[in-house]
Amino acid sequence: MTALAIASQKGGVGKTTVAINLAYSMARRGRSVLLVDTDPQGSVGLSLSRGIRERCGFYDAVAGSGQPAEFVLATRLPEFSLLTAGRSVSFGESGGGRVLDASGVENVLLALGELGNDVMIIDTPAGMSGVTSAVLSGSDFVLIPQQAEPLGVRSVPQALQMIAAIRREGNHIGVAGIVMTMVNADQRESVESEAQLRAALPAGIMCTTTIPRDAIFLRASSAGVPVGLLSRNPVAPAVAFDQLAAELEGKLGLPELENQDDGIRQLLD
Ligand SMILES: Nc1ncnc2c1ncn2[C@@H]1O[C@H](COP(=O)(O)OP(=O)(O)O)[C@@H](O)[C@H]1O
Ligand SMILES: [Mg+2]
């Protein structure tokens, strides 16, 4: 099992959108995927189904209200299961609620890792401290969504420093990549901020795949589904997530997929 955290310093950069749609694409490709919401605002549950907030989830497991496995929800796609943030979310909020127990978070992730999925994708709240730091300590890789806008780009070195600090504490988390989100090919600022980042960072750290800015993401989250479910015909943003899934499967070192090939090796005899 490979645990991939989706994290960034900033909110509103597309973390939850990436987590849901990447998890769905990987599941459609035949990986068994567990999507875990560790954001106290519980946005994964909100986006996928109404009424899901009433169910126990991640923070209930951290609070010791039950075994993590009991709270995992199956979906209609057999390869795709889900653990929402749950009811005890005040547990994870700074200020109110109880103090978060980092080892409790790591233990829940360890238990979830035993469930036999190929990949666990973990959505996190904004920022790299608190629960996100505990999630990162318990993950194999982190994917950092980065909004394609000039100011957004400044947070990348900060995020990489936070990850370096977590590594110095003896954790082995790897950076799976930085993925540009909400890219608008018609807007100069968007294109330039992406080019700037690609020039500034070591080759290989930026994902080749970028996620376009597209109103369909708003439609998908209000309809409560990954974009790939909105239409029978593949829509461009869904294809971007299929591409991102394929790219990351290599970076995460996941084994080759079986049964993806119909066996044709040449077109003509
Ligand atoms: N590629 C995109 N194109 C257009 N809107 C997007 C895109 N990605 C995310 N959004 C929208 O931007 C908002 C913030 O995205 P979200 O995934 O919730 O970010 P985060 O989890 O980082 O706070 C949401 O309303 C979402 O629907
Ligand atoms: Mg979010």
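The model you are looking at is predicted, and every value below is computed from it.

**A first stop: D118**

Is D118 buried, partly exposed or exposed? With a relative accessibility of 34%, D118 counts as partly exposed, because that value falls between the limits of 20% and 50%. Setting aside neighbours within four places in sequence, D118 is in contact with M1, T2, G30, R31, S32 and L254. H172 comes 54 residues away from D118 along the chain, and the C-alpha atoms of D118 and H172 are separated by 19 Å.

**The protein as a whole**

Stepping back, you will find 9 helices and 7 strands in the protein. How does the radius of gyration agree with that of a compact globule, and what is its value? For 269 residues, a compact globule would have a radius of gyration near 18 Å, and the protein has 18 Å, so the two agree. Taken along the principal axes, the box filled by the C-alpha atoms is roughly 60 × 40 × 35 Å.

Buried residues account for 51% of the 269 residues. The accessible surface of the protein is about 13,100 Å², and carbon and sulfur atoms make up 49% of that area. Contacts also tell us how the chain is brought together: among those between residues at least 6 apart in sequence, 76% join residues at least 24 apart.

M182 is in the loop between β7 (174–181) and α7 (188–200). Although M182 is not a glycine, it has a positive phi of about 55°. Its relative accessibility is 22%, so M182 counts as partly exposed.

Further along, T208 has its place in the loop between α7 and α8 (216–223). Leaving out residues up to four places away in sequence, T208 touches R198 and E247. T208 is exposed, because its relative accessible area of 65% is over 50%. T208 and L151 are 57 residues apart in sequence, and from C-alpha to C-alpha they are 21 Å apart in space.

G64 is found in the loop between α3 (58–62) and β3, whereas S231 lies in the loop between α8 and α9 (236–251). G64 counts as exposed at 59% relative accessibility, while S231 is partly exposed, with a relative accessible area of 31%.

The table below sets out the C-alpha separations for the residue pairs in this report.

| Residue pair | Separation along the chain | C-alpha separation |
|---|---|---|
| D118 and H172 | 54 residues | 19 Å |
| T208 and L151 | 57 residues | 21 Å |
| G64 and G152 | 88 residues | 37 Å |
| S231 and I216 | 15 residues | 11 Å |

**Empty space in the model**

Rolling a probe the size of a water molecule over the atoms shows where empty space is left. How many cavities of 30 Å³ or more are there? The count comes to 1 cavity. The largest cavity has a volume of about 40 Å³. Its lining is formed by G42, G45, I52, R53, T84, A85, G86 and V89. By class, these lining residues divide into 3 nonpolar, 4 polar and 1 charged.

Pockets, unlike cavities, are open. The second largest pocket has a volume of about 400 Å³. Which residues lie nearest the centre of this pocket? They are L48, T75, R76, G224 and L229, out of 15 residues that line the second largest pocket. The elements giving two or more residues to that lining are β3 (73–74) and β4 (80–83). The lining of the second largest pocket has 11 nonpolar residues, together with 3 polar and 1 charged.

Terms used:
Residues are numbered from 1 along each chain as its sequence is written. Chains are lettered from A and ligands numbered from 1 in the order in which they are written. This is a predicted model: local features need pLDDT of at least 70, side-chain atom pairs count only at pLDDT 80 or more; totals for chains, interfaces and linings use all residues. Side-chain values use heavy atoms; hydrogens and water are left out. On a 1 Å grid over the protein atoms alone, a cavity is a set of points where a 1.4 Å probe fits but cannot get out, and a pocket is an open set with protein on both sides within 12 Å along at least five of seven lines; lining residues have an atom within 4 Å of a point. Grid points are joined across faces, edges and corners, and a volume is the space filled by probe spheres set on the points. Helices (H or I, at least four residues) and strands (E, at least two) are DSSP runs, numbered from the N terminus. Ala, Val, Leu, Ile, Met, Phe, Trp, Tyr, Cys and Pro count as nonpolar, Asp, Glu, Lys and Arg as charged, and the others, Gly among them, as polar. The radius of gyration is taken over C-alpha atoms; the globule rule is 2.2 Å times the number of residues to the power 0.38. Buried means under 20% relative accessible area, exposed over 50%, partly exposed in between (1.4 Å probe, protein chains only). Contact means heavy atoms within 4.5 Å. Accessible areas come from the Shrake-Rupley method with a 1.4 Å probe; for residues, only the protein chains shown count as cover.
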